[in-house]
Amino acid sequence: MNTKLATSRMRAGQWADNIKDCKAIYMANTKAVYARIDTKLKENAEGILQQLGISPSSAIQMLYSQIVRTNGFPLDLHLSHQAPTAIGKMSQNELNTALQEGYESALTGKKYSVEEINQLMKDNFH
């Protein structure tokens, strides 16, 4: 066998052993997190993560890192005072009434600026 080839194989083998050692050290310093997640939600999220090149484990690691970094949950979580109306849950009469109110409001010519709309949304839904 060629000495250079044998040396190259030995180095590659040592490199692989070093990687295994590093993995063992890293794994020794980690704990598993188990969570039950809706199947469709999991599939959708993992599809997006895959497109981003991020593993689910890395995403969880990122979330935990941000929790520690911000000393809190890294998302703005709040309950709305008033939930927006879901058209699908309205009766035909309720829908007709809401549409008529919208139509009559449009006839008045009242216009709203972006700032006014943002404030109305904030006041009514935050």
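Q: How many salt bridges does the structure hold?
A: There is one salt bridge. Keep in mind that this is a predicted model.

Q: Which residue does Lys42 form a salt bridge with?
A: Its partner is Glu46, and the closest N and O atoms of the two are 3.1 Å apart. The cut-off for a salt bridge is 4 Å between such atoms, so the pair counts.

Q: Where do Lys42 and Glu46 lie?
A: Both are in helix 2, four residues apart, which is about one turn of that helix. An α-helix has 3.6 residues a turn, so residues three or four places apart point the same way.

Q: OK, zooming out. How many helices and strands does the protein chain have?
A: The chain has five helices and zero strands. Going along the sequence, that gives α-α-α-α-α.

Q: Switching to pockets: how much space lies in the largest pocket?
A: About 900 Å³. Helix 1 (3–28), helix 2 (39–52) and helix 3 (56–70) are the elements that each give two or more residues to its lining.

Q: Which helix gives the most to that lining?
A: Helix 3 does, with seven residues. The lining has 20 residues in total, and those nearest the pocket's centre are Val33, Pro56, Ser57, Ile60 and Gln61.

Q: What kinds of residues make up the lining of the largest pocket?
A: They split into 14 nonpolar, three polar and three charged.

Q: How does anyone find empty space like that, by the way?
A: Rolling a probe the size of a water molecule over the atoms shows where empty space is left.

Q: Last topic, helix 4. How many residues does helix 4 have, and how far does it reach?
A: Helix 4 covers residues 92–107, so 16 residues by the DSSP run. From its first C-alpha to its last it reaches 22 Å, close to the 22 Å expected at 1.5 Å a residue.

Q: What comes up just after helix 4?
A: Gly109 does, and it takes a positive phi of about 80°.

Technical notes. Residues are numbered from 1 along each chain as its sequence is written. This is a predicted model: local features need pLDDT of at least 70, side-chain atom pairs count only at pLDDT 80 or more; totals for chains, interfaces and linings use all residues. Side-chain values use heavy atoms; hydrogens and water are left out. On a 1 Å grid over the protein atoms alone, a cavity is a set of points where a 1.4 Å probe fits but cannot get out, and a pocket is an open set with protein on both sides within 12 Å along at least five of seven lines; lining residues have an atom within 4 Å of a point. Grid points are joined across faces, edges and corners, and a volume is the space filled by probe spheres set on the points. Ala, Val, Leu, Ile, Met, Phe, Trp, Tyr, Cys and Pro count as nonpolar, Asp, Glu, Lys and Arg as charged, and the others, Gly among them, as polar. The expected span of a helix is 1.5 Å times one less than its number of residues. A salt bridge is a side-chain nitrogen of Lys or Arg within 4 Å of a carboxyl oxygen of Asp or Glu.
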